[in-house]
Amino acid sequence: MCHSNDFQPDNPEEKRRIEEAGGFVMGKRLNSKLATSRTFGNFRFKIISRSDVMEMANGGGQDIVTVNPEIRELQLNWLTDEFIVIGCDGLFDMLGNNEVVSYVRDRLAESDIAEQEVQETTEEIVQLSKKEAVRLTQHSDNITACVIALSRGVTKLYTLGQTSTTQQTPEII
């Protein structure tokens, strides 16, 4: 289950915020350059504060690219929730939410709960995303991911001699 918004410049709310700050969106890019609208870096799109001078890289008085996060509180269900995946646009631009969830679930289900390799699985989805980016665009964006295994973990169900993983949908933040 996805619990976040993609902060892409062409998202209607983001586009309005960008335009109010003096920027524009063209070709799904902020000021025809940047494919995301919320980052820590990209200072040329931000107000730069120095001792007594405020310089604006671009007009409007607000940052065109902001660091303001989206914050949501979610109640975890410790009986059904298996893991949480946190990732940046570099991950989710190349792999869909369901693809990431399926990969993580399947990979973790290969081992018993106490032996699941969460760090290795996280590294694998980053590499998978990088490989897909290079295949499609001949380069790779920054890719950040974190998989948080919850105490229940991913378990195997044994029914009539067949092995399958649980089918609850974990949270994607």
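Buried means under 20% relative accessible area, exposed over 50%, and partly exposed in between (1.4 Å probe, protein chains only). The model is predicted, and local features need pLDDT of at least 70, side-chain atom pairs count only at pLDDT 80 or more, and totals for chains, interfaces and linings use all residues. Residues are numbered from 1 along each chain as its sequence is written, and side-chain values use heavy atoms, without hydrogens and water.

**View 1. The chain and its elements.** Four helices and nine strands make up the secondary structure. Helices (H or I, at least four residues) and strands (E, at least two) are DSSP runs, numbered from the N terminus. From that end, the order is α-β-β-β-β-β-α-α-α-β-β-β-β. Of the 173 residues, 32% are buried.

**View 2. The largest pocket.** This pocket holds about 1,400 Å³ of space. A pocket is an open set of points on a 1 Å grid over the protein atoms alone, where a 1.4 Å probe fits, with protein on both sides within 12 Å along at least five of seven lines; lining residues have an atom within 4 Å of a point. A volume is the space filled by probe spheres set on the points, which are joined across faces, edges and corners. The lining has 48 residues, and Thr 36, Arg 38, Cys 88, Asp 89 and Gly 90 lie nearest the centre. H2 gives the most, with three residues.

**View 3. Ser 151.** This residue sits in the loop between S6 and strand S7 (156-159). Ser 151 counts as exposed because its relative accessibility is 61%. Asp 81 is 70 residues away in sequence, yet 8.9 Å away in space, C-alpha to C-alpha.
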